[in-house]
Amino acid sequence: MTDDSKKEPEETPEETPEQATDAEATHTEATDAEATDGEQTAAESGDTLDSAEAAEPLSADDEALLDAAANDLVADYREQAARAQAELVNFRTRVERDRVANREAVVAEVIRSLLPALDDLARAEKHGDLEGSPLEIVATKIRGSFERYGLRSVGVVGEPFDPHFHEAVVHLPSAEVEVETVHDVIETGYALGDRLVRAAKVAVSSPES
């Protein structure tokens, strides 16, 4: 008696090289066909979207909103440019003003240190000691140099008393004046432009009470 369970399994016929090549070619053709179908589908979808976009132009309200936004942006840029220009002009003005003020302060300090020499020349001139002497030429040159820097004398007999430029040393009641007036200049004052270098010491005639 033969045992069927001990039968050997049937052998599967081996695939020939020609059959393997045909199978690979068939798979490649199927893959290419699927890719082509996908590309066509994507292209059709893109054409559909493009057509939809082309078919939906901006409404008048949308265009108005875009125009308004563009105008606001341009106006904002112009305002910023104008503000920057104004700030630059103000900065230049401040720099120039500070430069002039610093220059006047330095010149005023130099002149203030030389005022005692000017006072000596003024007193000598008042007593007639400068006339015809070499010092007369020196005094003229010194005063001319200071005048080129804007120096001017302060304190003239007969002018109204101004506490901003005059220092009253003595008050003399007088019936001849209606307001306080410079009666005599004891020491000449000096100013450089609007900057007072030294107040003039004066005697003041005051109206009688």
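Tutor: What follows goes through the charged pairs, then the parts around them.

This is a predicted model, in which local features need pLDDT of at least 70, side-chain atom pairs count only at pLDDT 80 or more, and totals for chains, interfaces and linings use all residues. Residues are numbered from 1 along each chain as its sequence is written, and side-chain values use heavy atoms, with hydrogens and water left out.

The count is eight salt bridges. A salt bridge here is a side-chain nitrogen of Lys or Arg within 4 Å of a carboxyl oxygen of Asp or Glu. Side chains of opposite charge can pair when their charged atoms come close.

Start in helix α2, residues 60-126. Helices are DSSP runs of H or I with at least four residues, strands are runs of E with at least two, and both are numbered from the N terminus. Arg99 and Glu96 form a salt bridge there, at 2.6 Å from N to O. The two are three residues apart in α2, about one turn of the helix. Arg99 has 47% relative accessibility and counts as partly exposed. Glu96, at 39%, is also partly exposed. The cut-offs for that class: buried is under 20% relative accessible area, exposed is over 50%, and partly exposed lies in between, with a 1.4 Å probe and protein chains only.

Move along to Arg112 and Glu109. Their side chains meet at 2.9 Å, N to O, in another salt bridge. Both sit in helix α2, and because they are three residues apart, about one helical turn separates them. Arg112 is partly exposed at 34%. Glu109 is partly exposed too, at 48%.

Now a pair between two helices. Glu125 and Arg143 form a salt bridge with an N to O distance of 2.9 Å. Glu125 belongs to helix α2 and Arg143 to helix α3, so this pair ties together parts that are 18 residues apart in sequence. Glu125 has a relative accessible area of 44%, which is partly exposed. Arg143 falls in that class as well, with 28%.

Helix α3 deserves a check, since it holds Arg143. After α3 comes Gly150, with a positive phi near 95°.

One group goes beyond pairs. Asp119, Glu187, Arg198 and Lys201 are linked in a network of salt bridges. Two strands bear on it: β3 is residues 181-187, and β6 is residues 200-207. These two strands pair in the antiparallel sense over five bridges. Strands pair if DSSP finds at least two bridges between them. Among the bridge partners, Val182 faces Val204 in β6.

The sheet itself is open. Its three strands run in the order β2-β6-β3, with mixed pairing. β2 (166-174) and β3 are the edge strands, each pairing on one side only.

The network links Asp119, Glu187, Arg198 and Lys201.
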